[in-house]
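Please keep the sequence and the three-dimensional view at hand while reading.

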Amino acid sequence: MPTGRNEPRRRLHRLWYVEKRNAKRLGRDVGVVGLGCWQLGSGWGHVDESDALAVLHAAVDGGVTFLDTADGYGDGRSETLIGRFLRERGAGAGLTVATKMGRRVEQVPENYRRENFRAWNDRSRANLGVDTLDLVQLHCPPTPVYSSDAVYDALDELVEEQRIAAYGVSVETVDEALIAIARPGVASVQIILNAFRQKPIEDVLPAAADAGVAIIARVPLASGLLSGRYTATTAFDADDHRNFNRHGESFDVGETFAGVPYEVGLEAVERLRPLVPPDATMAQLALRWIIDQPQLTVVIPGARNAEQAAANTAAAALSPLGAEVHAEVRAVYDELIHPHVHQRW
């Protein structure tokens, strides 16, 4: 990987096939493993620009075709780095870049209006260096926003004007997801889905499949807990949300360790560790569990270096987990995790 601005970038050759999935309203094929790009902006400790670009190249070299970012990640830093990457990669790369909007203002419903949408879109288009944004998602807005006719009318106008190709929502709760899926223009729902957050499987995934709405699974590794690399003594940087948001001090606590108490998560990981297939990692098991959900469109793990990005993408090459493994994952969830999260989101 590059270590200096003038050094050549070593390409990682694609060594595995990444299954493509589609959803009727999204209208495009995407690799089932994508890349979440929050960490390229802020909130996970500092990631150098050269490392950020190396992550993007390694992911796409490995078969990733879907990149997820937001205008608030580093106040535009993530979008800007992706824009630079798109220029480096060149035309014809076949990539879908999804961004999000709405978290850079006070979180009140009245800020989600036509004039702001247009201004936010103009800024994201400039950051990414594109005329039309592939997918724009409302970024976990206040719950009443999901039921606003005026909001969807304004989003429809952006599609008509070709400012955006499609729009979706990022949600915190199952109820918010179901409200959005009922809207005919919503192309995607981004929701927390992992072995520690299984509630969406019950109603959201079937409803999305019936409606042709794409499901984007975020926080797939429960902020790294499901990587199996952390212990009770692991320390996180001061600017890492796993340090400053453990109790929801800055945003919804469900975004940090999927809302699971840290010590409970560590115990659950040890229960899951024997299920890891030979020559695989704990993180790949966790990602494969998500990929095995047939209504899923794309899962978006993050990565802080090229090696992590390549390893995440390789999870798509694992064989589907058997019924016994899925049953054990569910048993661990029911016994340890369910009491802490199921009723909350």
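Strand S7, helix H5 (residues 174–181) and strand S8 make a right-handed β-α-β unit, where right-handed means that, with the strands pointing away from the viewer, the path from the first strand over the helix to the second runs clockwise. Helices (H or I, at least four residues) and strands (E, at least two) are DSSP runs, numbered from the N terminus. The model is a predicted one, in which local features need pLDDT of at least 70 and side-chain atom pairs count only at pLDDT 80 or more, while totals for chains, interfaces and linings use all residues. Residues are numbered from 1 along each chain as its sequence is written, and side-chain values use heavy atoms, with hydrogens and water left out.

S7 and S8 (residues 186–192) pair in the parallel sense over four bridges, pairing being assigned if DSSP finds at least two bridges between two strands. Within this pair, glycine 168 stands opposite serine 188 of S8, and serine 170 has glutamine 190 as its bridge partner. Along S7 (residues 167–170), Tyr167 and Val169 point one way and Gly168 and Ser170 the other, yet all are buried, that is, under 20% relative accessible area, as against over 50% for exposed and in between for partly exposed (1.4 Å probe, protein chains only).

On its other pairing, S7 runs parallel to strand S6 (residues 135–139), to which four bridges join it, and valine 136 stands opposite tyrosine 167. The chain crosses from S6 through helix H4 (residues 149–160) to S7, again in a right-handed β-α-β crossover.

These strands belong to an open sheet of eight strands, in the order S3-S4-S5-S6-S7-S8-S9-S10, with parallel pairing. Strand S3 (35–36) and strand S10 (298–299) stand at the edges with a single partner strand each, so one side of each is left without a neighbour in the sheet. H4 packs on the sheet and touches strand S5 (96–101), S6, S7 and S8, a contact being heavy atoms within 4.5 Å. The direction of H4 makes about 135 degrees with that of S7, the axes being lines fitted to C-alpha atoms, for helices over the stretch in contact, and the angles running from 0 to 180 degrees between N-to-C directions.

Leaving aside residues up to four places away in sequence, glutamine 190 touches several others, among them Asp68, Lys100, Ile216 and Arg218.

Asparagine 111 is buried, with a relative accessible area of 15%, and a polar atom of its side chain lies 2.8 Å from the backbone oxygen of glutamate 106.

Taken whole, the protein has 11 helices and 10 strands, and 57% of its 345 residues count as buried.

Conventions:
A polar contact is a pair of N or O atoms within 3.5 Å; within protein, one must be able to donate a hydrogen and the other to accept it, and residues adjacent in sequence count only if both atoms are side-chain atoms.
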